[in-house]
Amino acid sequence: MRSALYPGSFDPLTFGHLDLIERGTRLFDRLVVAVGDNPRKQALFTVEERMDMIRRHTARFPGVEVASFSGLVVDHCARTGVGNILRGLRTPSDFEFEFQMALTNRALRPEVEVVFVMPSAEWVFLSSSLIKEVVANGGDASRWLPADVLAAVAKRLQRDAPGA
Ligand code: ADP
């Protein structure tokens, strides 16, 4: 059985993440979407809230599980018997960071492979942090994330959600 861990912050979940998840389900029988619990990163949503959002929007995909993890991604793979890490590549700047991280992970655990997938072109410029900026400043982010997620972001940032 082919399995992969798709780790990330997912703060919040976007259509870019969902695009990657759908592509991942075509590559892997089991895809664990894992929310990183990183106390050094300040998040808008708790790990549980982010897991709930992901669960709601991935129920239709076969073989998808939702989890959280702390510590090294490769250690989590080893603990849970997952052989691959799925990551998205949007831009050349993503590549620079991901390349370093992939080789560091390989040095730590050579048995875990990192698989990169590109999203549909409409999501290449999309990031959770940009969305938070758009919503915080009153912009319409409805084309980039599910309506319930947008409503939750707007509520947390105390903004109305145009288009939601
Ligand atoms: P992290 O803090 O790990 O970068 P993110 O939630 O920002 O967490 O991203 C998790 C993964 O999803 C990364 O591999 C990232 O490249 C990918 N990703 C994020 N946004 C998109 C998008 N719009 N299209 C494709 N992949 C994306």
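**Exercise 1. Ligand contacts**

How far does a backbone N or O atom of Phe10 lie from an oxygen atom of the ligand?

*Solution.* The model is a predicted one.

Step 1. The distance from a backbone N or O atom of Phe10 to an oxygen atom of the ligand is 2.9 Å.

Step 2. Side chains contribute as well: a polar side-chain atom of Tyr6 is 2.7 Å from an oxygen atom of the ligand, and an N or O atom in the side chain of His17 lies 2.9 Å from an oxygen atom of the ligand.

Step 3. The ligand taken alone exposes 540 Å², of which the protein buries 88%.

Step 4. The ligand is surrounded by 16 residues, the closest being Tyr6, Ser9, Phe10, Lys41 and Gly88.

**Exercise 2. Helix α4**

Which span should helix α4 have at 1.5 Å a residue, and what separation do its end C-alpha atoms show?

*Solution.* Step 1. Helix α4 comprises 17 residues, 92-108.

Step 1. The expected span is 1.5 Å times one less than the number of residues, so α4 should span 24 Å.

Step 2. The end C-alpha atoms of α4 are 24 Å apart, in agreement with that expectation.

Step 3. Asp94, Glu98, Ala102 and Asn105 are buried in α4. The buried residues of α4 pack against α3 (73-80), β4 (84-88) and β5 (113-117).

**Exercise 3. Helix α5**

Why do the buried residues of α5 line one face of the helix?

*Solution.* Step 1. The buried residues of α5 (residues 128-136) are Ser128, Ile131, Lys132 and Val135.

Step 1. Viewed down the axis of α5, these buried residues fall within an arc of 100°, so they line one face of the helix.

Step 2. An α-helix has 3.6 residues a turn, so residues three or four places apart point the same way.

Step 3. The cover over the buried residues of α5 includes α1 (15-27) and α6 (147-156).

Step 4. Just after α5, Gly138 adopts a positive phi of about 85°.

How values were computed:
Residues are numbered from 1 along each chain as its sequence is written. This is a predicted model: local features need pLDDT of at least 70, side-chain atom pairs count only at pLDDT 80 or more; totals for chains, interfaces and linings use all residues. Side-chain values use heavy atoms; hydrogens and water are left out. Helices (H or I, at least four residues) and strands (E, at least two) are DSSP runs, numbered from the N terminus. Buried means under 20% relative accessible area, exposed over 50%, partly exposed in between (1.4 Å probe, protein chains only). Contact means heavy atoms within 4.5 Å. The arc is that of the directions from the helix axis to the C-beta atoms. A residue is near a molecule or strand if one of its heavy atoms lies within 4 Å of it. A polar contact is a pair of N or O atoms within 3.5 Å; within protein, one must be able to donate a hydrogen and the other to accept it, and residues adjacent in sequence count only if both atoms are side-chain atoms. Accessible areas come from the Shrake-Rupley method with a 1.4 Å probe; for residues, only the protein chains shown count as cover.
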